[in-house]
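Take a walk through this structure with the model open beside the text.

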Amino acid sequence: MKAIESFYQLSNGIKIPKIGFGTWQIKPGKETFDAVSTALKVGYRHIDTAQGYYNEESVGEAIKASNISREDIFVTSKLESHIKTYEDTKLAFFETLKKLDMSYIDLFIIHAPWPWSEMGKNCDEGNVAAYKAMEELYEAGYCKAIGVSNFEVKHLKNILDNCKIVPHVNQIGYFIGIDQSETIDFCKLNNIFIEAYSPLGIGYLLSNKTINQIAKKYEVSPAQICIRYLLQKEVCPLPKSIHEDRMIQNTIVDFIISDEDMKILDQVKGDPRRWS
Ligand code: A2P
């Protein structure tokens with residue numbers, strides 16, 4: 001079966017489509033509506049949004065307009081990075097449901113261990129408070145799974161030590177070249193599923209020489225190599241595109257990269273991302 005039609009299973013038994021559609025940096029309104037509508041049309045059944053992307057409303061509208069059953073689409077949203085209290089987490093979650101116009105979401109995760117404006121700050125207490133609210137939302141059936149994003153081992157340990165439910169997911173920046181081994185090893189050991197955002201290094205990875213050489217060998221694009229590499233690492237890539245041809249290309253990933261070529265790709269080092 002094609003990867004785009006296949007699922008992984010989370011530790012609580014919930015099925016999650018192997019490839020998700022990332023919506024970070026897609027503008028709210030028509031751009032998001034069109035992108036998500038097209039993604040659903042070409043076969044994506046897993047849409048990743050966040051409160052901090054400001055496009056939840058448009059994601060919800062596109063899902064509704066698609067006429068695909070709600071149960072057949074896996075929807076993720078994320079708690080804004082600065083929200084670190086029990087009460088505000090609940091309020092923010094219900095805002096998300098309202099914006100998406102849904103009665104539940106499939107996955108709700110803490111966007112980051114600290115506010116983006118204070119990266120590195122110790123928010124252990126706040127993360128536990130937020131996560132406890134999320135545990136209740138999960139137990140009440142408002143989300144099918146809960147988790148975290150951008151959490152390193154120390155942040156994960158804080159949750160494991162102080163909360164009941166082991167996060168079902170940790171969504172991290174993961175692509176060829178970045179070293180996430182410590183976090184991934186810890187997550188594997190604790191049955192925390194890894195989702196990979198920026199699987200194409202927000203596009204900067206696509207000019208990498210090694211990736212281009214291997215793409216040529218398999219007669220596919222560099223983007224397809226990047227996505228296939230992550231599938232062979234058994235994580236869920238979340239590629240973003242606003243172009244239909246690229247969205248489609250990013251789903252045609254059912255070739256196999258040989259062990260030898262995976263090892264060559266493992267040797268690529270560095271983070272090519274630029275934000276300016
Ligand atoms: P665009 O949205 O204009 O198509 P990531 O998923 O790592 O965040 O990368 C997203 C970036 O990569 C976006 O700039 C997107 O551009 C670009 N992109 C996505 N898919 C492809 C593709 N198949 N070929 C080339 N560029 C792509």
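Start at the ligand, where one of its oxygen atoms sits 3.3 Å from a polar backbone atom of Pro199. That is a polar contact (a pair of N or O atoms within 3.5 Å; within protein, one must be able to donate a hydrogen and the other to accept it, and residues adjacent in sequence count only if both atoms are side-chain atoms). Of the 570 Å² of accessible area that the ligand has on its own, the protein covers 83%. Areas here come from the Shrake-Rupley method with a 1.4 Å probe, and for residues only the protein chains shown count as cover.

The model is predicted: local features need pLDDT of at least 70, side-chain atom pairs count only at pLDDT 80 or more, and totals for chains, interfaces and linings use all residues. Residues are numbered from 1 along each chain as its sequence is written, and side-chain values use heavy atoms, with hydrogens and water left out.

Stay with the ligand. A polar backbone atom of Ile242 is 2.9 Å from a ligand oxygen. At Gly203, a backbone N or O atom lies 3.5 Å from an oxygen of the ligand. In total, 16 residues surround the ligand (a heavy atom within 4 Å). The closest are Leu200, Lys240, Ser241, Arg246 and Gln249.

Now turn to helix 1, residues 30–41, which holds Thr32. Helices (H or I, at least four residues) and strands (E, at least two) are DSSP runs, numbered from the N terminus. Thr32 is buried, at 1% relative accessibility. Buried means under 20% relative accessible area, exposed over 50%, partly exposed in between (1.4 Å probe, protein chains only). Leaving aside residues up to four places away in sequence, Thr32 touches Ile26, Lys27, Asn55, Ser58 and Val59. Contact means heavy atoms within 4.5 Å.

Ser58 and Val59 are among the buried residues of helix 2, residues 56–66. What covers them? The cover includes helix 1, strand 4 (46–48), strand 5 (74–79) and helix 3 (86–100). Just after helix 2, Asn67 takes a positive phi of about 65°.

Last, the cysteines. A disulfide is a pair of cysteine sulfur atoms within 2.5 Å. By that rule the count is zero. For Cys143, the nearest cysteine sulfur is that of Cys163, 14 Å away. Cys143 is buried, at 2% relative accessibility.
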